[in-house]
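Here is a short tour to read alongside the sequence and the 3D view.

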Amino acid sequence: MNFQDPLFWRAGAVSTTLVMLVVLAFLTIDSYNYISVGGRNVPKYDVINQEIGYKYDWARSADTPVIGGPQPLFGKVVTEAEATRLMEKGKLVIQSRNCFNCHTFLGNGAYYGPDLTKSWLDPAWSQIWMPMTGKATREDAMVEFLMHPDKYPTWSREMPNMHLSEDEARATVAYLKWLSSIDTNGFPAGFGRLNPQ
Ligand code: HEC
């Protein structure tokens, strides 16, 4: 081995780059296995047909989703294709109204309003908004709130009316239910137990 020889250093640089490229490719594929829809941490969209619960996992020190028995959203079982269309619409509603300006989804956005990553699980729907709106289910109370947030304030800051149609509000609720089923390693901390409002 001749350390003075530039060829030695060139071979070292080339082989290190190649090895790291393989490691990078492996990590990229591994991450996709976790974060793509239907992957290890992200259920398929038709999870909205089921109950979504949580339990604290002491080994991971995180709240972990438990996908339970049938609990179809708005009482109607949807196919995977229908669920996918709902998600596309819900996502478009959220993007078109810039909900991110006030809310956070999966760590992106602002904290003027509550974090919406696990909003579906907020006990306020059954404890406050269902009685307030006179609706019998959480999803109906959410639709009513999303269409007229200015009529049902519960907090020091009010949400403005974003003029959602009923279809848009229903698709947004479907999106929020799916979002709550994602295993986010316990983020945001304490959701479900501690109501930030
Ligand atoms: C100007 C800021 C602002 C914008 C824009 C906004 N919100 Fe809100 N949102 C709020 C505030 C403030 C609250 C708390 C209101 C209350 O509790 O009375 C809230 C509450 C909510 C809640 C209830 C959260 C919970 O679990 O307590 C949902 C769901 C929600 N917003 C969805 C949306 C969606 C969807 C959009 C976009 C279409 C949106 N918001 C746009 C400010 C905003």
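The protein has 5 helices and 4 strands, and this is a predicted model. From the N terminus on, its elements follow the order α-β-β-α-β-β-α-α-α. The radius of gyration is 22 Å, well over the 16 Å that the globule rule gives for 197 residues, so the protein is more spread out than a compact globule.

**Overall dimensions and packing**

- Taken along the principal axes, the box filled by the C-alpha atoms of the protein is roughly 80 × 35 × 35 Å.
- Of the 197 residues in the protein, 24% are buried.
- Among contacts with a separation of 6 or more, 53% are between residues 24 or more positions apart.

**Helix 1**

- Does helix 1 lie in the open or is it buried? The number of buried residues among its 30 is 0, so helix 1 lies largely in the open.
- Helix 1 covers residues 6-35, and at 1.5 Å a residue it should span 44 Å. Its end C-alpha atoms are 43 Å apart, which agrees with that expectation.

**Around the ligand**

- Which of the 25 residues around the ligand come nearest? They are Cys99, Cys102, Gly113, Asp122 and Met159.
- Sorted by class, the shell around the ligand holds 14 nonpolar, 7 polar and 4 charged residues.

**Backbone features to look at**

- As background, most residues other than glycine have a negative phi, and most peptide bonds are trans.
- Serine 61 is not a glycine, yet it has a positive phi of about 50°. You will find serine 61 in the loop between strand 1 (50-57) and strand 2 (62-70). Serine 61 is exposed because it has 10 other C-beta atoms within 10 Å, and the cut-off for exposed is 12 or fewer.
- Asparagine 98, also a residue other than glycine, has a positive phi near 55°. Its place is the loop between helix 2 (80-96) and strand 3 (104-105). Asparagine 98 has 12 C-beta neighbours inside 10 Å, so it counts as exposed.
- Phenylalanine 187 and proline 188 are joined by a cis peptide bond, with omega about -10°. Proline 188 belongs to the segment after helix 5 (166-180).

- Lysine 55 sits in strand 1. With 9 C-beta neighbours inside 10 Å, lysine 55 counts as exposed. Leaving aside residues up to four places away in sequence, lysine 55 touches Thr64 and Val66.
- How far apart are the C-alpha atoms of lysine 55 and isoleucine 128? They are separated by 23 Å, and the two residues are 73 residues apart along the chain.
- Phenylalanine 74 lies in the loop between strand 2 and helix 2. Its 13 C-beta neighbours inside 10 Å make phenylalanine 74 count as partly exposed.
- Not counting residues up to four places away in sequence, phenylalanine 74 touches Glu139 and Arg170.

Notes. Residues are numbered from 1 along each chain as its sequence is written. This is a predicted model: local features need pLDDT of at least 70, side-chain atom pairs count only at pLDDT 80 or more; totals for chains, interfaces and linings use all residues. A residue is near a molecule or strand if its C-beta atom, placed from the backbone, lies within 6 Å of it. Ala, Val, Leu, Ile, Met, Phe, Trp, Tyr, Cys and Pro count as nonpolar, Asp, Glu, Lys and Arg as charged, and the others, Gly among them, as polar. Helices (H or I, at least four residues) and strands (E, at least two) are DSSP runs, numbered from the N terminus. The expected span of a helix is 1.5 Å times one less than its number of residues. A residue is buried if 20 or more other C-beta atoms lie within 10 Å of its own, exposed if 12 or fewer, and partly exposed in between; C-beta atoms are placed from the backbone. The radius of gyration is taken over C-alpha atoms; the globule rule is 2.2 Å times the number of residues to the power 0.38. Two residues are in contact if their C-beta atoms, placed from the backbone, lie within 7 Å.
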